[in-house]
Amino acid sequence: MSTDMKMAFRNIWRSPVRTILTLSAIAFAAIILVFMVSFQLGSYEIMVNSSVKIYTGHIRIQAEGYREKRNMRFVISSPERIAKTVEKIEEIKSYSFRANGFSLVSSENRARGVLVTGIDPEGEAEISTISGLIRKGEYLAPGDRDKVLIGRLLARNLKVGINDELTILGQGKDGSIAAGIVTVKGIFSSGIDDFDRSTVQVPLSYFNDLFYMDGAVHEIVCTADSLFDVNKIKRLLKANLSEKKQKKVVVLDWKELLPGLVQGIQLDLASAAIFYFILVLVVAFSILNTFLMAILERTKEFGVMLALGVKPNRLFKLVLMESSFLTLTGVITGVVVGCAITFWFQTHGIDLAGASEILKEYGMSGIVYPKLSIVSALAGPLLVFVITICAALYPAFKVKKLVPVDAIRSI
Amino acid sequence: MYFQLAWRNIWRNPRRTFVIISAVVIGVWSMVFLSAFSHGMLASMLDNGKSVLIGDIQIHNKKYRIDPSIDNSMDNPDKIRAVLDKTLPQGAVLTERIKVSTYVSNARHSTGAVLVGIDPENEKKISFLGKSITKGEYLDKKDMRGILVGKALLEKFDTAIGKKLIIMARDKKGKVASKAFRIRGVFNAEMEATEKQFLFITMTGARKLLNMEKGISEISIVLNSEPMVEKTAAEIKNRLDTELFAVETWKDLLPMLKAYVEIFNGFMYIWYVVVFVAMGFGIVNTSLMAVFERVREFGLLRALGLKPWPVIRSVLTESIFILLIGIIAGNLLGYVSVLLMKDNGLDLAMFGKGSEFFGMSRVIYPILTMFDVMNVNLVIFFLGAVVSLYPAFRASRITPVEAMRQ
């Protein structure tokens with residue numbers, strides 16, 4: 001240990017109460033940030049996963065313009081050809097075809113305009129969790145024809161139960177009227193009200209005949225093992241599909257499919273960032289004040305040192321060393337304690353019973369689990385570190401400018 | 001004399017005092033600003049939520065909420081009108097609507113939407129619609145075939161003003177009714193979802209389409225003061241047959257929003273404490289140093305026979321002076337920064353869709369309320385006084401012997 005370091009270390013412990021208070025302030029900010037960021041990231045992951053798994057899927061292949069216009073005629077006319085390409089990509093866990101048409105669905109005495117989706121019961125069970133969310137009746141079987149699954153709230157609004165009849169009235173691909181009578185086979189409850197209020201699923205083969213699709217579908221929905229594979233899959237799909245000159249096909253990932261969710265997350269992060277930044281600012285001010293006072297207190301001492309021939313630069317370094325040591329210790333303590341607290345909640349969960357109404361809307365249950373990661377453990381503390389070091393610079397520069405005679409004379 | 005002494009003591013070392021005051025100022029400022037910012041966020045959520053056909057109070061057929069169908073309309077609204085005439089306070093406005101879920105199509109496109117039959121004159125005063133017509137014109141009361149369409153829906157349908165839309169719905173008699181309406185105007189809403197969800201026609205047009213005589217689906221009331229809402233709702237409930245009608249305030253109609261407001265307010269209190277703790281460390285630290293700088297002085301006072309309590313009192317009085325100065329300056333700073341953002345607001349345009357996801361506008365205007373400001377100041381003042389106790393006690397324990405060693 002060099003003499004300077006030894007001096008810095010001893011200086012810090014000259015007033016233990018002050019040092020401990022300063023350390024606590026820094027550690028406190030770091031702990032709060034580790035916990036809050038982990039909490040946010042944890043809930044985002046649950047939000048994304050539940051949306052993706054219930055219905056959206058990680059990646060969808062659609063005809064160009066279909067997503068924006070939702071036009072019946074923007075179809076993938078030969079889905080099997082694309083399916084061959086999809087099957088070659090190892091990272092894609094499973095895939096399924098879907099077709100959609102807006103229709104007026106009516107029961108004996110109620111009617112609703114909703115999106116009717118044609119699904120392949122076998123493939124769909126692999127990519128969506130709906131098959132496991134059936135509350136009444138059963139999921140669609142592969143050979144089913146005029147059977148439908150509907151959401152819990154839609155069933156309530158239409159006043160229908162299992163085996164009741166529904167009339168579907170819509171517009172086919174060729175613009176003609178599509179009309180059919182189906183029976184309710186299953187009622188599901190995804191927990192996302194909007195989805196449960198507006199979803200009707202029929203077997204794809206039946207949809208194909210009803211809406212005159214000629215074997216065409218609107219989208220191929222793919223799922224991956226984890227969110228991290230999505231970019232690679234997207235790249236591979238794009239490369240392979242363009243090779244085959246499938247010009248009019250686009251590959252969309254979950255971020256493009258759920259722009260509201262992604263931007264909602266960004267907004268939440270942004271407004272949280274304002275809160276965090278102000279917290280760190282307040283801490284930085286506390287620290288700046290403490291450092292400043294510590295320096296003012298020792299003006300005489302610095303004057304003597306300067307008079308004895310210590311170079312201003314060395315003093316500057318000494319003061320900076322003291323504050324970096326304090327900051328670093330505080331931040332490290334904060335990270336350790338913050339991680340420990342977060343980890344405890346990660347395993348035990350935080351019960352937000354009062355918020356379950358809101359959480360349900362985002363597909364979460366009443367218990368939220370923060371998720372510790374490198375980012376959540378280090379991003380906040382890093383901010384604290386950088387801002388605190390900046391706060392320490394000002395007093396250090398002040399020391400550098402001291403004039404020995406004036407400094408010795410000050411009280 | 002205590003106050004005079006404390007006041008002079010503070011200014012013996014102005015630099016140190018300013019340092020401590022700055023810690024308080026930044027803390028107060030941050031809390032005032034954050035409360036105004038979050039209040040603005042909540043207010044914009046509430047306004048958006050309420051202006052999309054909710055209002056402060058709504059009256060429906062009791063069965064309508066669970067089963068919003070044309071069968072559950074209020075077929076004889078005269079009685080309710082009479083009750084409302086007597087009950088509503090000054091400045092209240094109301095409008096009647098017919099709401100029905102429909103299937104909309106033109107030659108190439110189709111979708112589901114909610115068709116709303118409105119009284120154009122009154123609707124204008126209450127909901128977002130009056131201010132939102134960007135192209136074409138608003139509905140005339142006698143217009144039987146005109147329809148107002150959201151911008152997003154218009155674009156989705158590749159259509160334009162003057163063209164037709166086919167509306168299909170179940171009428172009062174249970175038959176599927178279908179009729180063509182001509183697009184008269186286009187409205188822009190804060191949220192794209194609203195533009196896609198609603199279509200507006202006149203009340204008379206809706207009655208004709210749905211084969212209704214004089215029934216309505218809902219009455220929406222807007223009062224001019226929030227505190228009156230619960231009271232007025234209770235009065236209406238008293239005078240109406242609650243077996244037949246449901247009288248609900250926005251809190252019943254938007255439970256999500258109500259829960260969100262509550263959670264958010266709870267979170268703000270926690271956050272106040274968090275910010276305070278961060279600030280408290282600084283206050284304790286600096287006032288403690290101020291005490292240690294004056295060890296000789298306190299020792300002398302004790303040697304002259306001063307009891308510990310007067311020492312505590314004098315240090316505490318100094319801290320309270322500093323707190324008060326800091327609080328005043330912090331409030332002023334907070335007020336100024338809110339004032340600066342009053343005209344332009346905080347633009348969240350880059351997260352446009354995201355703010356929509358939360359039901360907020362794209363620009364947030366901070367709102368300063370007396371209640372928030374009082375809360376912030378009380379929190380800081382009391383907690384500040386509490387944490388100043390430690391340095392004060394520390395000062396009272398300085399003995400003459402300890403002081404002489406310095």
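## Overall form of chain A

Chain A contains 16 helices and 12 strands. The radius of gyration of chain A is 31 Å, well over the 22 Å that the globule rule gives for 411 residues, so the chain is more spread out than a compact globule. The model described here is predicted.

The C-alpha trace of chain A spans about 100 × 50 × 30 Å along its principal axes. Of the 411 residues in this chain, 45% count as buried. Among the contacts in chain A with a separation of 6 or more, 81% are accounted for by residues 24 or more positions apart.

## Contact between chains A and B

Chain A gives 52 residues to the contact, and chain B gives 55 residues. On the side of chain A that touches chain B, the elements giving two or more residues are helices H2 (16–56), H11 (259–297) and H14 (356–361), together with strands E2 (92–106), E3 (111–119) and E6 (165–171).

H11(A) provides the largest share of this side, 22 residues.

## A helix pair in chain B

In chain B, helix H3 (residues 78–87) packs with helix H9 (residues 228–239) at an angle of about 135°, and their axes are 10 Å apart. H3(B) and H9(B) are therefore oblique to each other. Their crossing is right-handed.

From H3(B), the contact is made by Val83(B), Leu84(B) and Thr87(B); from H9(B), by Thr232(B), Glu235(B), Ile236(B) and Arg239(B). These residues comprise three nonpolar, two polar and two charged.

Methods: Residues numbered from 1 in each chain as written. Chains lettered and ligands numbered in written order. Predicted model: local features only at pLDDT ≥ 70, side-chain atom pairs only at ≥ 80, totals over all residues. Contact = placed C-beta atoms within 7 Å. Helix = DSSP H or I, 4+ residues; strand = E, 2+ residues; numbered from the N terminus. Axes fitted to C-alpha atoms, helices over the stretch in contact; angles between N-to-C directions. Parallel < 35°, antiparallel > 145°, perpendicular 65-115°, else oblique. Left-handed = near helix turned anticlockwise from the far one by under 90°. Nonpolar A, V, L, I, M, F, W, Y, C, P; charged D, E, K, R; others polar. Rg over C-alpha atoms; globule rule 2.2 N^0.38 Å. Buried ≥ 20, exposed ≤ 12 C-beta atoms within 10 Å, placed from the backbone.
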